[in-house]
Structures are given as structure tokens and as C-alpha cells.
Amino acid sequence: MDLIVFTDLDGSLLNEADYSYEEARPALAQLETTGALLVIATSKTRAEVEALRAELGNDAPFIVENGGGLFVPAHRTDITGGEEVPGADLRVVTVGRPYAELRAFLTEAAGRWPLRGFGDMDDAEVAERCGLPLPAAALARRREFSEPFVCDDPEAIAALTETARAAGLDVTRGGRFHHLIGAGQSKGRALETLLAALPDSPEGRRTVALGDSENDRSMLAAADVAVVIPRPDGRRLDLAHPGRIDAPAPGARGWGLAVTGLLAQGQG
Ligand SMILES: [Mg+2]
């Protein structure tokens, strides 16, 4: 049985507060020995994920910007589809909308409503608004499939959302920002896109997803096993799923314990 593990990063594999995955290391090592595919699925950008993948030695496909894009290592010729990414050993499947289209829409919208996107800010402003070090803010600004923006006027947001939907786009609310994305874009849709592009699995395939937040819901729902990781305050995503497992702790510790438990039960 082939095992594919899809994981969220912030608040799941990475601790919410310190971004550490130290406590998940034993489980990551154990997972690697099983030959399972560990697919990162995050709201972060490709530039942010590539730094972590290099650290982890992860060579699997990965999902960025809340399902906007699916990247596949170029050598994975067994996985179909995608276009070559200039300057990278990757192919990309665009699940959402390209950034240039989102920026064009938002630039026009900025003439009607009071808003500012990442494309209007410099690294220093993004660093300050996100509480990130400057180099990390630079990576977060390398958008390809979604545009975070600030807008303090609820009426403007409502009108903008309506206009976006008419244009095949959508607006979602994140922790610090609103996000302009492609209509129907989600981590779950990107998961399905990857599964459809994989070669047939003669022994069958089992999918596990791990996540902590609303933006993980579609991905958790689409997997055979849904590991719900609690938030640091103990709250959990409300999700009805026949294969639901509640991780016993938040962040990397809960992630590690849940994965180790699954592998011990032979669910891997
Ligand atoms: Mg999260």
C-alpha cells in the first residue's frame, strides 16, 4: 500500500509560535523509512517552502499559496502534467490564477477602494505587518498564485468580493490579511490534482492529511485519514470525517505523535 501524507505547515508540522519542527523529527525520520511521500500543502509561497524542503531533504511534490499551485520535481517523469519552471528543476500545475492576473485586478480595484497588496509594499512593510525577519518577508513577497492585501473598510471588502467573483476570482480572510485567489482554489483541489496526476498504484494508495485550520478543511475532507491538530489554545477544527484522528498536542509535538501512532498501527 502506497502512503501519501499531505501536511499543513504553520500550526501543524511547524509550531505556531516558534516555527520549530524539532519535536516532529523522530516521526519524520520514521516516515522516510517507509518510503511514504510527504507532500507539504501550505499558504506559504514556493520560495518559503523551498527553503524548508532543502532543510528536510524533502523531494516530493508540494502545494503552495493555499492550493494555488502544485509543484512537481522535474525528475518525477512518472507524474503527468505541469509546465517547466524557468530556472528551477520543477514543473508547475496552476490550480488557481497566475499572480499577474491577480495584481492587474487588484491594481484596478485600488482605484475604487482603499486597499494595499503585498505588491504595493516593500520587504520592510511586510516584515513589520507579519512580525517576520526581513529575509523571510522577502520570501513571503514572492507571490505566484495569491495576493494578500489590507483593507479596513468592510463595505469595500463586500463590494470587492462581489466584483472578484464576477471575474472568476475570490477573496478569503486570513489571520492578518485578506487574500485574493482564484475561484474554487483550495488545498483539497490541489490534493485531488496531484492524485489524478500520479501513476496507478498496483497495491492501492492510502492518503493521510494533517492540518489545524479552516484552510485545511478541504484537504482533510479529501484524505482517507484526517489528522486534526489542536490550536495552541486547545480548540480544534469542527470536522465530521470517518477517518478522523485527533492529534494529542498542538504543533510539531502533536504532528509527531499522530504520525508515529499511525505508523505503529500499520496504517502506513
Ligand atoms: Mg495551519
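Predicted model: local features only at pLDDT ≥ 70, side-chain atom pairs only at ≥ 80, totals over all residues.
Visitor: What makes Val 228 count as buried?

Guide: A residue is buried if 20 or more other C-beta atoms, placed from the backbone, lie within 10 Å of its own, exposed if 12 or fewer, and partly exposed in between. Val 228 has 23 C-beta neighbours inside 10 Å, so it counts as buried.

Visitor: And what about Tyr 19, buried, exposed or partly exposed?

Guide: Tyr 19 has 16 C-beta neighbours inside 10 Å, so partly exposed is the label. Tyr 19 sits in the loop between β1 (2-7) and α1 (25-34), and has a positive phi of about 60° although it is not a glycine.

Visitor: Glu 65 is in a loop as well; why is Glu 65 called buried?

Guide: Glu 65 has 28 other C-beta atoms within 10 Å, so buried it is. The loop in question runs between β3 (62-64) and β4 (69-73). Phi of Glu 65 is positive too, near 45°, in a residue other than glycine.

Visitor: Which residues does Val 228 touch, and what makes something a contact?

Guide: Two residues are in contact if their C-beta atoms, placed from the backbone, lie within 7 Å. Leaving out residues up to four places away in sequence, Val 228 touches Leu 220, Arg 236, Leu 237, Leu 239, Arg 244, Asp 246 and Ala 247.

Visitor: What makes β12 a strand, and what pairs with β11?

Guide: Helices (H or I, at least four residues) and strands (E, at least two) are DSSP runs, numbered from the N terminus. Two strands pair if DSSP finds at least two bridges between them. Four bridges join β11 (residues 205-211) to β12 (residues 225-228), and these strands run parallel. Ala 209 stands opposite Ala 226 in β12, and Gly 211 has Val 228 as its bridge partner. Val 225 and Val 227 point one way from β12, Ala 226 and Val 228 the other, and all are buried.

Visitor: Which strands make up the parallel sheet, and why are β2 and β13 called its edges?

Guide: The order is β2-β1-β11-β12-β13, an open sheet of five strands with parallel pairing. β2 (37-40) and β13 (244-246) each have a single partner strand, so one side of each is left without a neighbour in the sheet.

Visitor: What about the antiparallel sheet, where are its edges?

Guide: That open sheet has four strands in the order β7-β8-β10-β9. β7 (116-117) and β9 (169-173) are the edge strands, each pairing on one side only. Inside the sheet, β8 (residues 147-150) and β10 (residues 178-182) pair in the antiparallel sense over three bridges, and the bridge partner of Glu 147 in β10 is Leu 180. Helix α3 (residues 99-109) packs on the sheet, touching β7, β8, β9 and β10, and its direction makes about 20° with that of β8. Such angles run from 0 to 180 degrees between N-to-C directions, with axes as lines fitted to C-alpha atoms, for helices over the stretch in contact.

Visitor: How many residues does each domain put into the contact?

Guide: The centres of domain 1 and domain 2, taken over C-alpha atoms, are separated by 25 Å. Twelve residues of domain 1 and nine residues of domain 2 make the contact. On the domain 1 side, helix α2 (residues 46-56) gives the largest share, four residues.

Methods:
Residues numbered from 1 in each chain as written. Domains from an automatic or database assignment.
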